[in-house]
Amino acid sequence: MAVEQSLTPRGEQTRIHDIGYRHYDGPRLGRAYARRSLYSQSLRGSYGLGRSVKSKVLPMLLFVVMCIPALIMVAVAVATKAKALPVDYTRYAVIMQAVIGLYVASQGPQSVSRDLRFKTVPLYFSRPIETVDYVRAKYAALASALFVLTTAPLIVLYVGALLAKLDFVDQTKGFGQGLVSVALLSLLFAGIGLIISSVTPRRGFGIAAVIAALTISYGAVSTVQAIAFEQSSSSAVPWLGLFSPITLIDGVQTAFLGATSAFPGSQGPSTGQGVVYLVVVLGLIAGSYGLLMRRYRKVGL
């Protein structure tokens with residue numbers, strides 16, 4: 001409670017206000033707690049939880065859009081007593097790559113651009129959080145949000161396949177391969193989305209840049225691959241896939257997870273080419289993390 005004490009009773013307005021600030025003597029929870037809190041709040045924010053209703057609309061809508069095709073496929077498989085699902089687990093994310101790209105474009109800038117715009121990053125680094133804590137929490141939060149987004153429809157497909165009494169072993173194997181694929185995709189897309197978003201405090205610029213890097217690049221690479229295939233240059237098709245994030249994931253899962261390639265003519269990479277794909281994917285993930293560390297070391301100064 002504020003206590004006001006008049007110094008001069010003869011009509012002057014000078015006063016001292018004791019607003020009662022007190023020193024905190026409670027427990028200090030430290031860096032680990034702060035890092036977990038930043039991770040959980042960032043993850044919740046990726047779906048608008050704890051924020052306004054307006055902030056929930058887009059992420060929840062994209063989540064529903066990701067799951068609706070899976071529900072339709074399951075309904076058809078159960079009703080027709082099909083012997084296989086219409087789409088493999090590893091193909092689903094490739095088919096829905098536009099939705100995934102829009103999600104990253106909307107939530108990547110939301111995760112980091114506002115901190116840059118309102119210059120709150122140095123406040124995080126004052127204590128006890130350090131640069132590595134901030135980067136890890138933000139990276140892990142967006143990757144986890146993407147994993148939830150891409151795993152949910154796979155769970156729907158898996159449960160539907162079991163309800164349709166499809167082979168348990170085959171479906172479990174396919175589901176496991178799908179989980180590995182979307183986990184790698186989540187790490188790659190989260191890194192690309194965050195490093196692009198961290199360059200500008202303007203959210204609109206970040207959204208446009210992420211869409212260009214993820215969605216437009218896929219359209220461009222797919223077009224060039226189709227032209228190369230039609231021009232009887234099929235040997236170039238796998239190598240062209242190195243220039244788009246989603247085709248990189250497609251190449252890795254084709255080479256190592258037994259997936260059917262979405263490349264023209266199913267000209268997926270061989271095992272040797274798949275090693276190159278995997279090295280590029282892991283390099284992009286590690287490079288994104290390293291660039292984020294360098295970026296925020298400068299911002300936190």
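**Note on the predicted model**

1. In this predicted model, the largest nonpolar core has 69 residues. The residues with the most contacts inside this core are Tyr89, Tyr92, Tyr134, Leu146, Leu157, Phe189 and Tyr296. Helix H6, residues 131-163, gives the most to the core, with 14 residues.

2. Leu146 is one of the residues with the most contacts inside the core. Leaving out residues up to four places away in sequence, Leu146 touches Ile100, Tyr103, Val104, Ser186, Phe189 and Ala190. Among these partners, Phe189 is itself listed with the most contacts inside the core.

3. The count of salt bridges comes to 4. Which residues are linked in a network of salt bridges? They are Arg31, Arg35, Glu130 and Asp133. As a general point, side chains of opposite charge can pair when their charged atoms come close.

4. Arg31 and Glu130 meet through their side chains in a salt bridge, at 3.8 Å from N to O. This pair links distant parts of the chain, 99 residues apart: Arg31 is in helix H1 (residues 30-45), and Glu130 is in the loop between helix H5 (121-124) and H6. Arg31 is partly exposed, with a relative accessible area of 33%, and Glu130 is also partly exposed, at 42%.

5. Asp133 has a salt bridge to Arg31, at 2.8 Å from N to O. Here helix H6, which holds Asp133, is linked to helix H1, which holds Arg31, and the two residues are 102 apart in the chain. Asp133 also forms a salt bridge with Arg35, with the closest N and O atoms 2.5 Å apart. That pair again links H6 and H1, across 98 residues.

6. Is Asp133 buried or exposed? Asp133 is buried, because its relative accessible area is 0% and the cut-off for buried is under 20%. Arg35 counts as partly exposed, at 27% relative accessibility.

7. Ile68 lies in helix H2, residues 53-80. Ile68 is partly exposed, with a relative accessible area of 39%.

8. Lys81 is not a glycine, yet has a positive phi of about 55°. Lys81 sits in the loop between H2 and helix H3 (89-95) and is exposed, with a relative accessible area of 73%. Ser266, also a residue other than glycine, has a positive phi near 55°. Ser266 is in the loop between helix H10 (245-256) and helix H11 (271-299), and is partly exposed at 46% relative accessible area.

Notes. Residues are numbered from 1 along each chain as its sequence is written. This is a predicted model: local features need pLDDT of at least 70, side-chain atom pairs count only at pLDDT 80 or more; totals for chains, interfaces and linings use all residues. Side-chain values use heavy atoms; hydrogens and water are left out. Helices (H or I, at least four residues) and strands (E, at least two) are DSSP runs, numbered from the N terminus. Buried means under 20% relative accessible area, exposed over 50%, partly exposed in between (1.4 Å probe, protein chains only). A nonpolar core is a set of buried Ala, Val, Leu, Ile, Met, Phe, Trp, Tyr and Cys residues joined through side-chain atoms within 4.5 Å. Contact means heavy atoms within 4.5 Å.
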